[in-house]
Amino acid sequence: PMLREPLRAAIRTGALHPAYQPIVALDDNRVVAYEALARWTHEGTPVPPDVFVPLATRTGLLPDLTDHMIHRAAGQLADWSATLGHRRLQVGVNVPPRLLLDPDFPDRVALGIRRHDLAPGQLVLEITEDALLDDLDTASAIARRLRALGVMLSLDDVGSGYASLLHLRHLPLQSAKIDRVFVDDIDTDDDARRFLGAVLTCGRDLGIHVVVEGVERVTQATVLRSLGAVYAQGHCFGRPVRPGDIDVRTETAR
Ligand code: G
Ligand code: G
Ligand code: NA
Ligand code: MN
């Protein structure tokens, strides 16, 4: 609560800003997308997202925070697309499920896409669960409106916490991000490897793209390739960084 007004101001002024972490194609490690992750330094001290995201949730600032991140990420993506001379790169923004219960959200997303002249499909909304999605009918209706805009929908943190297989079934998702708990031991443990292999098969059977998160070691990446995994994210490929530290031309071409 003491930080509510500063957080509101940081969203308004843009002091709350995205860092970008690469998502790569495992066949050649080229970057296919960046995930936007919110960063905020208040009075010289970085405030972790684990603090300000729950604060935004408690104080009603979550729609503003999310809209701001979409606006910033869309603008950044437009810049990158101009540099690249094409619009194939994607950007992912974290969207808490309660935004899927907000009937005005699709209109705000549409505005963001139009304002920055994105191609349909360049914006990926990562549905990041912080609570059970109790009204799946409403959520799937709003998700369908988002899909009608051409926006891609991804289920985040699959396998951990609240992300449920039921959502894979009832939401119009194009991709899923597999939580890092499933990748931890794959380079040392046969069971862990078999388990992740089964998850990848499941994604293929459902016809959705799978991104494996939290890949930290080259040995894990090697196992992922042998299992036929297509996309990955994690410190092994790059940490979240400011856009000034990204040379989008070399990162996307390998
Ligand atoms: O780097 P990392 O420390 O960014 O993020 C910690 C947690 O905060 C993660 O669960 C991540 O999904 C969440 N997070 C980071 N940025 C955002 C954001 O812009 N919106 C939401 N809703 N969550 C975010
Ligand atoms: O909830 P979500 O998956 O959006 O959160 C992403 C979080 O995971 C961020 O805090 C990000 O900094 C963190 N992260 C990204 N790559 C790695 C990794 O390789 N290892 C670990 N431990 N965390 C990671
Ligand atoms: Na995410
Ligand atoms: Mn995730």
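## Close-up views of a predicted model

View 1. To find Ser164, look in the loop that runs between β6 (152–158) and α6 (165–170). Now pick out Ala192 as well: Ser164 and Ala192 are 28 residues apart along the chain, and their C-alpha atoms are separated by 20 Å.

**View 2. The protein chain as a whole.** Before moving on to other details, take a step back. The protein chain has nine helices and nine strands. Its radius of gyration is 18 Å, close to the 18 Å that the globule rule gives for 254 residues, so the chain is as compact as a globular protein of that length. Along the principal axes, its C-alpha atoms fill a box of roughly 50 × 40 × 35 Å. Of the 254 residues, 38% count as buried. Among contacts with a separation of 6 or more, 65% are between residues 24 or more positions apart.

**View 3. The largest nonpolar core.** This core holds 65 residues, and Val91, Leu125, Leu153, Val212 and Ala232 touch the most other members. Helix α3 (residues 62–84) gives the most to this core, with eight residues. Let Ala232 be your guide here: leaving aside its neighbours within four places in sequence, Ala232 is in contact with Val24, Leu26, Val211, Val212, Val215, Ala221, Leu224 and Phe237.

**View 4. The surroundings of ligand 1.** Around ligand 1 you will find Leu37, Ala38, Pro49, Asp50, Val53, Met69, Asn94, Pro96, Thr128 and Pro240. Two elements, β2 (31–42) and α2 (49–59), each give two or more residues to this shell. The largest share, three residues, comes from α2. Sorted by class, the shell around ligand 1 has seven nonpolar, two polar and one charged residues.

View 5. Which residues come nearest to ligand 2? Of the 14 residues around this ligand, they are Asn94, Gly214, Glu216, Gly234 and His235. By class, the shell around ligand 2 divides into three nonpolar, six polar and five charged residues.

Terms used: Residues numbered from 1 in each chain as written. Chains lettered and ligands numbered in written order. Predicted model: local features only at pLDDT ≥ 70, side-chain atom pairs only at ≥ 80, totals over all residues. Near = placed C-beta within 6 Å. Nonpolar A, V, L, I, M, F, W, Y, C, P; charged D, E, K, R; others polar. Helix = DSSP H or I, 4+ residues; strand = E, 2+ residues; numbered from the N terminus. Rg over C-alpha atoms; globule rule 2.2 N^0.38 Å. Buried ≥ 20, exposed ≤ 12 C-beta atoms within 10 Å, placed from the backbone. Contact = placed C-beta atoms within 7 Å. Core = buried A, V, L, I, M, F, W, Y, C linked by C-beta atoms within 7 Å.
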